[in-house]
Amino acid sequence: MKRRHLLQQLGSLASLSAAGSLHAATAQPTQGAGFKPSWDSLASYQTPDWFRDAKFGIWAHWGPQCQPEMGDWYAREMYIEGSAKYRHHVATYGHPSVYGFKEVIRDWKAERWEPEELLSLYKRAGARYFMAMANHHDNFDLYASRRHAWNSTRIGPKQDIIKRWAGAARAQGLPLGVSVHAAHAWTWYEPAQLADKTGAKAGVPYDGRLRKADGRGQWWEGLDPQELYAQDHPLSTHADDPKAIHKQWDWGEGASKPSEAYIRNFLARTLDLLDQHRPELVYFDDTALPLWPISTVGLDIAAHLYNQHLDASGRTQAVLFGKILDEQQRRTMVWDIERGQSDRIEPLPWQTCTCLGAWHYDRRVLERKGYKSAETVIRMLIDVVSKNGNLLLNVPVKGDGRIDDVERRVVEEIGVWMQRHGESIYGTRPWRVFGEGPSLDKQAPLTAQGFNEGKGAAFGAADFRFTARGDVVYASGFVASEGGKALIRSLARGQHRPVQRVDLVGGAEALRFQQRDDGLEVRLPADGIATLPAYVLRIA
């Protein structure tokens, strides 16, 4: 999109009316030198060193969908007749023709939320950046949006969620990230247009097609439900198939195409978010960029973000995450692999995002003891970092703003390990190989665009992962051998320079070793290793 055309579009959005009182200055992309809104210009991007050094971030994927404590995609699946979330919704709140997701938003109060305490905990756990959700596919902005009436300062908690997260993060010295998911509301909310096919409410429409005029005498009088649900349009092909949306995520396969007004409003809202809070990191839950390839507004947002954070040398210090990227696109931003990872050292920095449980808080995960353990997270972090990646971990937050006791214990246990072993993580770079051991021989090649988590072979005593800082190599082992010795074949004589010293990170004394033709043999301490999620050798 041409910049002049973009400004003309945004000029038409000089005011947004919810109760006739929302007005704001026109949001504009940054001007002048720097990045231009094109793939070619964005390809000059270089991942900032601070992010490469940080390695570990924590995410609060938190919003009104956490209120029912039923997990991710609640605001969509509560409208899918017969689904678990539909059944829960009807039993707990009532029929979605009467109590829709707008009512869930209204009743979400976040009454026990203490962001300062949570960020202090996350800092102690070793996080070096923090991500907060700014909106989800539910299209509800968690900041004082000047372009969207359905936001958390007007409905629900009646406060600027992002502003408070930002203050708490920066008080801990953590760069702020925001995740933006709202581009897909157009198709994601389509079940809200439908009605039950059976039962007493058969044929009674859900609330997804309500209009502003329908609100007379209602709690939402003056608000337009279509600004939230965005459902005044024909359904996508196969809209009656709940799984069809996954094939339509890139706006193909018969997906209903958003209107220009919807696209322009998404752009204005996102620029407003960036201008108000100036996050250092932005995460998009899209194929490549929002609304790509049917619109170029994602390119405008990317250029705006990068230009906001140009340093004196002209290099941006911002980080933008995108998913399902081709080779050119991987040069323009940081590739994010959702709930999965790569099986090799990637030439460019990347990130895996994962979660202790469900993305939105799900009490059922707690009840079935389904959270990842600290050991699982730590081993995943070690593996990801060895391949030039970072790990972003979501710790699900309950609707009232707390994390539960099991999550807290996991986070604290991660912090104990990181405090002792962080030197093998922070500020390191990949070594000449990322690892060795039988688990690699057993592992099938991973399809690294996401959702391959947990498909690798289990670690054994002969498995190691490597990182490096200068001339120092860190070898992380996962299981202590019964003989009390570790044999690292990649450090054999002739494959690596002569080893001068080996220490256990966090230990008090140097370890005995022998560099042989078949590997570096290290005698491990008798105590203190078997109970660790991973032990780390410092090899100089």
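1. The largest pocket has a lining of 24 residues, and W73, H246, D285, E338 and F451 are those nearest its centre. Its volume is about 560 Å³. A pocket here is an open set of points, on a 1 Å grid over the protein atoms alone, with protein on both sides within 12 Å along at least five of seven lines; lining residues have an atom within 4 Å of a point. A volume is the space filled by probe spheres set on the points, which are joined across faces, edges and corners.

2. The model is predicted, with local features requiring pLDDT of at least 70 and side-chain atom pairs counting only at pLDDT 80 or more, while totals for chains, interfaces and linings use all residues. Residues are numbered from 1 along each chain as its sequence is written, and side-chain values use heavy atoms, with hydrogens and water left out.

3. Strand β4 gives the most to the lining of the largest pocket, namely four residues. At least two residues each come from α11 (244–247), β4 and β6 (334–338). Helices (H or I, at least four residues) and strands (E, at least two) are DSSP runs, numbered from the N terminus.

4. Eight strands close into a barrel with parallel pairing, in the order β1-β2-β3-β4-β5-β6-β7-β8. From one strand to the next the twist averages 30°. Two strands pair if DSSP finds at least two bridges between them. Between β4 (residues 281–287) and β5 (residues 319–323) there are four bridges in the parallel sense, and L281 has V319 in β5 as its bridge partner.

5. Helix α12 (residues 260–277) packs on the sheet, where it touches β2 (129–135), β3 (176–180) and β4, and its direction makes about 170° with that of β3. Contact means heavy atoms within 4.5 Å. Axes are lines fitted to C-alpha atoms, for helices over the stretch in contact, and angles run from 0 to 180 degrees between N-to-C directions.

6. Helix α16 lies across β1 (56–60), β7 (350–355) and β8 (389–394), at about 150° to β8. Helix α16 also lies across β10 (464–469) and β11, running at about 55° to β10.

7. An open sheet of five strands, with antiparallel pairing, has the order β9-β10-β11-β16-β13. Its edge strands, β9 (435–436) and β13, each pair on one side only. Strands β11 (residues 472–477) and β16 (residues 535–539) run antiparallel and are joined by five bridges; the partner of Y474 in β16 is R538.

8. The largest nonpolar core has 136 residues, of which W62, F101, Y122, F130 and W165 touch the most other members. Helix α16 (residues 374–386) supplies the largest share of this core, eight residues. Another core, of 21 residues, lies apart from it and includes V499, L504, L524 and L537. A nonpolar core is a set of buried Ala, Val, Leu, Ile, Met, Phe, Trp, Tyr and Cys residues joined through side-chain atoms within 4.5 Å. Buried means under 20% relative accessible area, exposed over 50%, and partly exposed in between (1.4 Å probe, protein chains only).

9. P498 lies in the loop between β12 (485–488) and β13 (502–504). P498 counts as exposed because its relative accessibility is 56%.

10. The whole structure contains two cavities of 30 Å³ or more, a cavity being a set of points where a 1.4 Å probe fits but cannot get out. The largest cavity has a volume of about 60 Å³, and its lining includes R76, T187, E190, H238 and D241.
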